[in-house]
Amino acid sequence: MVARLVIAAPSSGAGKTTVATGLMAAFAGRGLAVSPHKVGPDYIDPGYHALATGRPGRNLDAYMCGTGLIAPLFAHGARGCDLAVVEGVMGLYDGAADQGELASTAQVAKLLKAPVVLVVDASSQSRSVAALVHGFASWDPEVRIGGVILNKVATDRHEHLLREALGESGVPVLGVLRRAPAVATPSRHLGLVPVAERQAQAVEAVAAQAEQVRAGCDLDALWALARSAPPLPVEPWAPEAAGRAGASGSGTPAERSSAPRVAVAGGAAFTFSYAEHAELLRAAGAEVVTFDPLRDEALPEGTRGLVIGGGFPEVYGPELSANERLRKAVAELAASGAPVVAECAGLLYLARSLDGAPMCGVLDADARMSERLTLGYRDAVAVSDSVLVPAGARMRGHEFHRTVIEPDAGARAAWGLRQPVRRVEGFVQDGVHASYVHTHWAGSPEVAVRFVEHCA
């Protein structure tokens, strides 16, 4: 039994991240063990959640992992905690395009049997707020909206009008937050600037968010609402069990030989990763070592496989290019046939160039920034056998970038995608699998097993 809340909003931009992160930090400040979660594929918000709680921020994505894994993944992350705070995505009822409620905050709240707190941007309304809240509270009877937090309230008079209007709605006001520049987090082309790029300022922002929530929210009432969530009878997800289920039958690498060392890119340029990926790699028998392509001039000694996830290499192109020794080491590892998996930012790093700056040159392709945002879930089928998946394997993923790579597929493509238009993309060559598509391995744990087997 874990007390839990889902923080949602009518739309993006209402202040979910500020409120959710502030609540996490405020309750952690009370001495509670707080488990942070984020609905959807977002990598950046969980970094702020981790800063607020001291625990890994974890994603709950019903599209990529399946609805049946939401509660087990939640229980895995929340094990041993007093409270779990789940930040929603977009508007409460917004999910995967043309898929009904799939991957929406509302669906996750129902799967977790968790009460919802609705964060409303009240900056341009007064009495209408009651109609808005009533509509959201009555739309789906299975979604329990237990309270509302009014954000960006201008004055005491404004607050009075809002409270008066909501008095007859049946949904209690659990907090009122004024506009506060100190809690703001800067954004750029793909959303908030990650914690790793502004560590000191991020610490200050999270502290300010916690103070704002403590001053403006009824924490006792929120804690009581969280504790009203019913028991969630589910077996927590376990990477070891998931790995065994996906194994080829030849035993894990750890059972066959010494654990192969897998280097995972990190640092400010490569901040996008799911906590479950490293857990699955370890469960499959690998030794996972993190390195920073901005600072380290060599791969970790004894590296047998390489994972380069998402991030912002376009922001750090000159610095990544200047680290010529590491670029050469990555190219040599790939040329040796060692397993290399690269997603999005990793794809750009393996290219010949990025915005004209030399990269690793593993792929015969060049990347550049673009004005066009590519965003959305993807149904993918493997076009080629690789160290990640056999040809014909199906996975679900997500694209989110403002860059393009030319050509967008190699002689052996990585994935065939069905939407928004049918196309092939990505590169498979020797031991390299490089693609724009982000995947969540908890939904397909066999990929971690296959990758580590190739490393061994």
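Predicted model: local features only at pLDDT ≥ 70, side-chain atom pairs only at ≥ 80, totals over all residues.

Q: How are helix 2 and helix 8 oriented, roughly parallel or roughly perpendicular?

A: Angles from 65 to 115 degrees count as roughly perpendicular. The axes of helix 2 and helix 8 cross at roughly 70° and come within 10 Å, and the two helices are therefore roughly perpendicular to each other. Their crossing is right-handed.

Q: At what angle do helix 1 and helix 2 pack?

A: Helix 1 (residues 16-29) and helix 2 (residues 45-53) pack at about 20°, their axes 8 Å apart. Angles under 35 degrees count as roughly parallel, and helix 1 and helix 2 are therefore roughly parallel. The crossing of helix 1 and helix 2 is right-handed.

Q: Which residues of helix 1 and helix 2 meet?

A: An α-helix has 3.6 residues a turn, so residues three or four places apart point the same way. Helix 1 contributes Thr-17, Thr-21, Met-24, Ala-25 and Ala-28, which meet Asp-45, Tyr-48, His-49, Ala-52 and Thr-53 of helix 2. The classes in this contact are five nonpolar, four polar and one charged.

Q: What do the buried residues of helix 8 pack against?

A: The buried residues of helix 8 include Ala-202, Val-206, Gln-209 and Val-213. Their packing partners are helix 1, helix 2, strand 7 (173-178) and helix 9 (219-227).

Note on methods. Residues numbered from 1 in each chain as written. Heavy atoms only, no water. Axes fitted to C-alpha atoms, helices over the stretch in contact; angles between N-to-C directions. Helix = DSSP H or I, 4+ residues; strand = E, 2+ residues; numbered from the N terminus. Parallel < 35°, antiparallel > 145°, perpendicular 65-115°, else oblique. Left-handed = near helix turned anticlockwise from the far one by under 90°. Contact = heavy atoms within 4.5 Å. Nonpolar A, V, L, I, M, F, W, Y, C, P; charged D, E, K, R; others polar. Buried < 20%, exposed > 50% of the residue type's maximum accessible area, 1.4 Å probe, protein only.
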